[in-house]
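Please view the sequence and the structure first.

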Amino acid sequence: MEILERKIPPVALFIVFIVVMVKFDQSLVSFAAVLPFPWLVLAASILVSGGVGLAGVNEFRKAKTTVNPVKVDNATSVVESGIFAHSRNPMYLALLILLLGIGYWQQNIVCLLLPIGFVLYMNRFQIQPEERALEGLFGVQYLDYKNRVRRWL
């Protein structure tokens, strides 16, 4: 399955998951739930997701390294400051938070569980290949960073 490694941009995968969530929400009404404050949870997830994602992009820009997750080989440095001191993948974390918020807002148990598939796919086909490339580029510096900071949160 190496053919899928770093091939689908994470934002495209995020959009695919949203489309699937909408379709499941429409067709799997038997999994509907009544969860409290759906609009509040969605609004909070949008705010938190936006803050986390923008913080990650900002740190990459400050370090003058690539934000493009498909072209990780163009990275010029290991970014360890700001949000990257707490998560190695804050932009992916932001997408996950937003998917969870959308799933909660849809009030459908299946849609709320679908983000697990996003995490599994991202870990296998995006993050692990990225980590191998970064280990090759930065060696011990990246390995030390990997040992200090968790992958997601």
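## Helices H1 and H3

In this predicted model, helix H1 meets helix H3 through Pro10, Val11, Phe14, Phe17, Ile18, Met21, Val22 and Asp25 on the H1 side. The H3 side of this contact consists of Tyr92, Leu95, Leu98, Leu99, Ile102, Gly103 and Gln106. Sorted by class, the contact has 12 nonpolar, two polar and one charged residues.

H1 covers residues 10-27 and H3 covers residues 90-106. Their axes lie 11 Å apart, and the helices pack at an angle of about 10°. Angles under 35 degrees count as roughly parallel, so H1 is roughly parallel to H3.

## Helices H3 and H5

H3 also packs with H5, at an angle of about 170° and with the axes 11 Å apart. Angles over 145 degrees count as roughly antiparallel, and H3 and H5 are therefore roughly antiparallel to each other.

From H3, the residues in this contact are Tyr92, Leu95, Leu96, Leu99 and Leu100. They meet Pro115, Phe118, Val119, Met122, Gln126, Ile127 and Glu130 in H5. The contact of H3 with H5 divides into 10 nonpolar residues, one polar and one charged.

Side chains of opposite charge can pair when their charged atoms come close. How many salt bridges does the structure hold? There are nine salt bridges.

Glutamate 5 is in the segment before H1, while arginine 124 is in helix H5. The two residues are 119 residues apart, and the pair links distant parts of the chain.

Which residues make the nonpolar surface patch of about 480 Å²? The patch is made by Phe31, Ile109, Leu113, Ile116 and Leu120.

Helix H4 (109-113) and helix H5 (115-138) each supply at least two residues of this patch. Leucine 113 has its place in helix H4.

Conventions
Residues numbered from 1 in each chain as written. Predicted model: local features only at pLDDT ≥ 70, side-chain atom pairs only at ≥ 80, totals over all residues. Heavy atoms only, no water. Patch = residues over 30% accessible without salt bridge, like charges linked within 9 Å, V, L, I, M, F, W, Y side chains within 5 Å. Areas by Shrake-Rupley, 256 points an atom, 1.4 Å probe, with all protein chains shown as cover. Salt bridge = Lys/Arg side-chain N within 4 Å of Asp/Glu carboxyl O. Helix = DSSP H or I, 4+ residues; strand = E, 2+ residues; numbered from the N terminus. Axes fitted to C-alpha atoms, helices over the stretch in contact; angles between N-to-C directions. Parallel < 35°, antiparallel > 145°, perpendicular 65-115°, else oblique. Contact = heavy atoms within 4.5 Å. Nonpolar A, V, L, I, M, F, W, Y, C, P; charged D, E, K, R; others polar.
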